[in-house]
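Thanks for making the time this morning. I would like to walk you through one model, so please have the sequence and the structure open as I talk.

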Amino acid sequence: MTIRETTTIRIRFNETDPLGIVWHGNYISYFEEGRESFGRKHGLSYLDVKTNGYVTPIIESNTKHKLPLKYGDIATIETTYEDCKSAKMIFNYKIFNPDGKVACIGRTVQVFVNLEDELALTLPPFFEAWKKKEGLMK
């Protein structure tokens, strides 16, 4: 089962370098925008997670740049949840340019840490309930 969300952003001037293209470090922020859009739609926003007593720091991220985005472009971010059995969340991203071509792909991995800074080694109850609701586990 694939769970995904798509959102759009407008590339701002301050996100570009002197050549007018998006500075590579900003793509991580675009992944975050996609992840938050996903979270708001599916009940996994940062605030939802924190309300349940956890935070989800990123422990791994990667990007592959295919085509440049430029100031003023409307880019589309497709965020897809990748299911796994571990107590973590994996998201894959595709960012499309205005022509619908892939500009960047990436992936992030987040773990669950409770508010006492302890790493969760098993699925937090709220996340297990979410996975059941989404049909990812029985």
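Let me begin with leucine 69 in this predicted model, which touches Ile11, Gly20, Ile21, Val22, Tyr27, Tyr30, Ala75, Ile95, Phe96, Asn97 and Ala103, leaving out residues up to four places away in sequence. Leu69 is also among the residues with the most contacts inside the largest nonpolar core, a group of 29 residues in which Tyr30, Tyr81, Ile95, Phe112, Phe127 and Trp130 are listed alongside it. The elements that give two or more residues to this core are strand 1, helix 1, strand 4, strand 5, strand 6 and helix 3.

How are the strands arranged? Five of them form an open sheet in the order 1-4-5-6-3, with antiparallel pairing. Strand 1 and strand 3 stand at the edges and have a single partner strand each, so one side of each is left without a neighbour in the sheet. From one strand to the next, the twist averages 15°. Strand 5 and strand 6 pair over nine bridges, and lysine 94 stands opposite isoleucine 105 of strand 6.

Finally, is glutamate 15 buried or exposed? Glutamate 15, in the loop between strand 1 and helix 1, counts as buried because its relative accessibility is 9%, under the 20% cut-off. Its side chain reaches the backbone nitrogen of arginine 12 at 2.8 Å, and among the contacts of glutamate 15 beyond four places in sequence are Trp23, Asn26 and Tyr30.

Terms used
Residues are numbered from 1 along each chain as its sequence is written. This is a predicted model: local features need pLDDT of at least 70, side-chain atom pairs count only at pLDDT 80 or more; totals for chains, interfaces and linings use all residues. Side-chain values use heavy atoms; hydrogens and water are left out. A nonpolar core is a set of buried Ala, Val, Leu, Ile, Met, Phe, Trp, Tyr and Cys residues joined through side-chain atoms within 4.5 Å. Buried means under 20% relative accessible area, exposed over 50%, partly exposed in between (1.4 Å probe, protein chains only). Helices (H or I, at least four residues) and strands (E, at least two) are DSSP runs, numbered from the N terminus. Contact means heavy atoms within 4.5 Å. A polar contact is a pair of N or O atoms within 3.5 Å; within protein, one must be able to donate a hydrogen and the other to accept it, and residues adjacent in sequence count only if both atoms are side-chain atoms. Two strands pair if DSSP finds at least two bridges between them. Axes are lines fitted to C-alpha atoms, for helices over the stretch in contact, and angles run from 0 to 180 degrees between N-to-C directions.
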